[in-house]
Each structure stands twice: as C-alpha cells, then as structure tokens.
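Me: I would like to go through this protein step by step, from its overall fold to single residues. Please look at the sequence and the structure first.

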Amino acid sequence: MDREKFLSELKGNIVGALNLGGISTDEIGDDSKLFAEDGLGLDSVDALELVVMLESKYGVSIDRSDDAKSIFDSPNTIADYIISKGK
C-alpha cells in the first residue's frame, strides 16, 4: 500500500474511532495537529481511544518509553510510527 492510501485509511480509522462524524478525512491534513486548538482539538480521552485503535487495527502499542506526544502530533507522525514498527 502506498503512503497516500495508508494515510487516508489511517485518517478514516481516526475519524471512526473517535466518532468524529462531522469531519471528513479530506478535512484532516496529513500534518494537521491532532491535539492543538487550531487543529482537531483532541483531548486525553481521545488519546486513549487512539491507542486502542492503533493496537487493534495496526498491532502497535504505545508504552511509557515511547514519546506519545510526538507520535500523536499528526496523521503523518502516527503513520511514521506504525511504519517504523513494520506494520
């Protein structure tokens, strides 16, 4: 799967996991800040739901040694993390 298709799938999974029904994947840029007020404005509960989604859909987990803040910065950084784990 090429990166563009992978990012589209990932953004769809983010929208689905977080029940962001009013937002389409086209509205989420690859570098959109997920937790910033000028981005999607996600919160800590959303972060937990993202972790669950990543574990179930991609077989990756985020543990204390991982820098979750940088991993969850944007769809691109999440994709980089998944790819780095060979998933």
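Reply: Before the pattern is read, a definition is needed: helices, of at least four residues, and strands, of at least two, are DSSP runs numbered from the N terminus. The coordinates to which this applies are a predicted model.

Me: Which pattern does the protein follow along the sequence?
Reply: The protein contains four helices and zero strands. Read along the sequence, these elements give the pattern α-α-α-α.

Me: What is the radius of gyration of the protein, and what does the globule rule give for 87 residues?
Reply: The C-alpha trace spans about 30 × 30 × 20 Å along its principal axes. Among contacts with a separation of 6 or more, 55% join residues 24 or more positions apart. The protein is as compact as a globular protein of that length, because its radius of gyration is close to what the globule rule gives for 87 residues, the two values being 12 Å and 12 Å.

Me: Is Ser74 buried or exposed?
Reply: Ser74 lies in the loop between α3 (68-71) and α4 (75-84). Leaving out residues up to four places away in sequence, Ser74 touches Asp30, Asp31, Ser32 and Leu34. Its relative accessibility is 2%, and since the cut-off is under 20%, Ser74 counts as buried.

Me: What is the phi of Asn19?
Reply: Asn19 is placed in the loop between α1 and α2, and with a relative accessible area of 68% Asn19 is exposed. Most residues other than glycine have a negative phi. Asn19 is not a glycine, yet its phi is positive, at about 50°.

Me: How far apart are the mean positions of the positive and negative charges?
Reply: The accessible surface of the protein comes to about 5200 Å², of which 48% belongs to carbon and sulfur atoms. The protein has 9 positive and 18 negative charges, and the distance between their mean positions is 6 Å.

Key
Residues are numbered from 1 along each chain as its sequence is written. This is a predicted model: local features need pLDDT of at least 70, side-chain atom pairs count only at pLDDT 80 or more; totals for chains, interfaces and linings use all residues. Side-chain values use heavy atoms; hydrogens and water are left out. Buried means under 20% relative accessible area, exposed over 50%, partly exposed in between (1.4 Å probe, protein chains only). Contact means heavy atoms within 4.5 Å. The radius of gyration is taken over C-alpha atoms; the globule rule is 2.2 Å times the number of residues to the power 0.38. Accessible areas come from the Shrake-Rupley method with a 1.4 Å probe; for residues, only the protein chains shown count as cover. Lys and Arg count as positive and Asp and Glu as negative; His and the chain ends are not counted. The place of a charge is taken as NZ of Lys, CZ of Arg, CG of Asp or CD of Glu.
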